[in-house]
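I opened this entry to record what I looked up, item by item. The sequence and the structure come before my notes.

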Amino acid sequence: MEDLPRRTPAAAGTPPPARRLPPSLAGNPALPYPAIGQVLSALRLQIPGVHGCVLGGVDGLLITHNLQNDASPDDLAALAATMFGLGRQVGLRLGQGDFQQSTVRNEHGYLSVYAVSPQALLAVVGTDSINVARLHLHAPTTASRLADLLDGVTPTTH
């Protein structure tokens, strides 16, 4: 029986350089929380089936949320950062550029994560009946509005 070809370390290539995360926005008192809340609520009201949104850092820490179910906002911020990390690696390995968006569909719903800025991510939790195409149409505009609100906020160090 012939041995199957094996991938060698030389064929695997050099891993991408480690990326230093920007300072966290979590707990920053300079953030415009009321305006951020309005943007998150607008998306929830625009798209039937959205349970709520989480604005989290790429570090996995919660910035704010408007969840309308029993999901833990802290856990969702961490999951969003995990999806970002995986998506970032896919983009690097395939030469497809920076992370933009990732969606996971489960039996009873969806979790979609969108890039907001180099520091922040928007996670949207939806039911299984959500119109995902409509969500993907509106969420990037929401992420852009959030990016504008976060622009110029000086990160705090913890």
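The model is predicted, so to speak of local features I need pLDDT of at least 70, and side-chain atom pairs count only at pLDDT 80 or more, while totals for chains, interfaces and linings use all residues. Residues are numbered from 1 along each chain as its sequence is written, and side-chain values use heavy atoms, with hydrogens and water left out.

Helices (H or I, at least four residues) and strands (E, at least two) are DSSP runs, numbered from the N terminus.

I checked the length of H4. Its 19 residues (132-150) should span 27 Å at 1.5 Å a residue, and the end C-alpha atoms lie 26 Å apart, which agrees. The expected span is 1.5 Å times one less than the number of residues.

I then looked for a bend and found about 30° at histidine 138, with proline 140 following within four residues. The bend is the angle between axes fitted to the seven residues ending there and the seven starting there.

At the start of H4, a side-chain oxygen of asparagine 131 comes to within 3.2 Å of the backbone nitrogen of alanine 133. Just after H4, glycine 152 has a positive phi of about 90°.

**Core**

Which residues touch the most other members of the largest nonpolar core? In this set of 26 residues they are Val116, Leu122, Val124, Leu135 and Leu146. H4 gives the most to this core, 7 residues. A nonpolar core is a set of buried Ala, Val, Leu, Ile, Met, Phe, Trp, Tyr and Cys residues joined through side-chain atoms within 4.5 Å.

Setting aside neighbours within four places in sequence, leucine 135 contacts (heavy atoms within 4.5 Å) Leu43, Ile47, Ser112, Tyr114, Val124, Ile130 and Pro140.

**Strand E3**

I looked up valine 104, which lies in E3 (residues 101-106). Valine 104 counts as partly exposed because its relative accessibility is 33%. Not counting residues up to four places away in sequence, valine 104 touches Met83, Gly109, Tyr110 and Leu111.

E3 and E4 run antiparallel, joined by 6 bridges, and form a hairpin with 2 residues between them. Threonine 103 has serine 112 in E4 as its bridge partner.

How values were computed
Polar contact = N/O pair within 3.5 Å; in protein donor to acceptor, adjacent residues only side chain to side chain. Buried < 20%, exposed > 50% of the residue type's maximum accessible area, 1.4 Å probe, protein only. Pairing = 2+ DSSP bridges.
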